[in-house]
Amino acid sequence: IGVWKPVLSTFNIIAIFSNLGLLVFTTDLITQMLTDVGLAASDRNLWIFFFSFALILLFVIFVIRMAVDDMPASIKEAIARQEAIEKHLVTTPVMNAARKLADTKKKARLKQQATLKILGNKTVEEEQV
């Protein structure tokens with residue numbers, strides 16, 4: 001689903017409120033249920049029922065979202081395999097090349113220092129003569 005997941009999640013929440021509003025405020029089903037339970041079918045009780053049931057449904061959606069994993073196990077395995085292959089084929093050669101470059105620079109620096117020492121000794125010997 002990718003980018004559309006947050007959009008669909010938002011539509012799920014909007015659907016709860018719109019469908020529940022249609023059920024509570026346009027049908028007699030809830031007013032009959034309230035009178036059967038012994039409550040008055042007043043606007044206040046209808047709003048209480050609306051928000052109470054909406055919170056229950058939002059909680060159910062939250063529990064389902066937490067319980068159901070976003071990715072199947074096969075996708076997780078494929079991603080882990082891809083990361084391992086990338087590490088082996090891309091990261092390792094790059095790190096090896098970086099080490100070789102560092103070793104080359106270190107050898108060049110040591111060679112330069114040795115050359116400076118030799119030249120420095122010759123100039124000291126030449127000055128003594």
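1. Gly38, which comes just after helix H2, takes a positive phi of about 105°. Helices here are DSSP runs of H or I with at least four residues, and strands are runs of E with at least two, numbered from the N terminus. The model is a predicted one, in which local features need pLDDT of at least 70, side-chain atom pairs count only at pLDDT 80 or more, and totals for chains, interfaces and linings use all residues. Residues are numbered from 1 along each chain as its sequence is written, and side-chain values use heavy atoms, with hydrogens and water left out.

2. Helix H2 spans residues 29-37, and Ile30, Thr31 and Leu34 are buried in it. These residues cover an arc of only 100° around the axis, which puts them on the same side of H2; the arc is that of the directions from the helix axis to the C-beta atoms. An α-helix has 3.6 residues a turn, so residues three or four places apart point the same way. Leu29 and Asp36, on the other side of H2, are exposed. Buried means under 20% relative accessible area, exposed means over 50%, and partly exposed lies in between (1.4 Å probe, protein chains only).

3. The buried residues of H2 pack against two helices, H1 (5-26) and H3 (43-67). Contact is defined as heavy atoms within 4.5 Å.

4. Asn45 belongs to helix H3 and is buried, its relative accessible area being 15%. Leaving aside residues up to four places away in sequence, Asn45 touches Leu34, Leu39 and Ala40. Of these, Leu34 is also among the buried residues of H2. Between Asn45 and Ile16 there are 19 Å in space, C-alpha to C-alpha, and the two are 29 residues apart in sequence.

5. Regarding the overall fold, the protein chain has 4 helices and 0 strands, in the order α-α-α-α from the N terminus on. The radius of gyration is 37 Å, well over the 14 Å that the globule rule gives for 129 residues, so the protein chain is more spread out than a compact globule. That radius is taken over C-alpha atoms, and the rule is 2.2 Å times the number of residues to the power 0.38. Along the principal axes, the C-alpha atoms fill a box of roughly 120 × 35 × 20 Å.

6. Of the 129 residues of the protein chain, 11% count as buried. Among contacts with a separation of 6 or more, 49% come from residues 24 or more positions apart.
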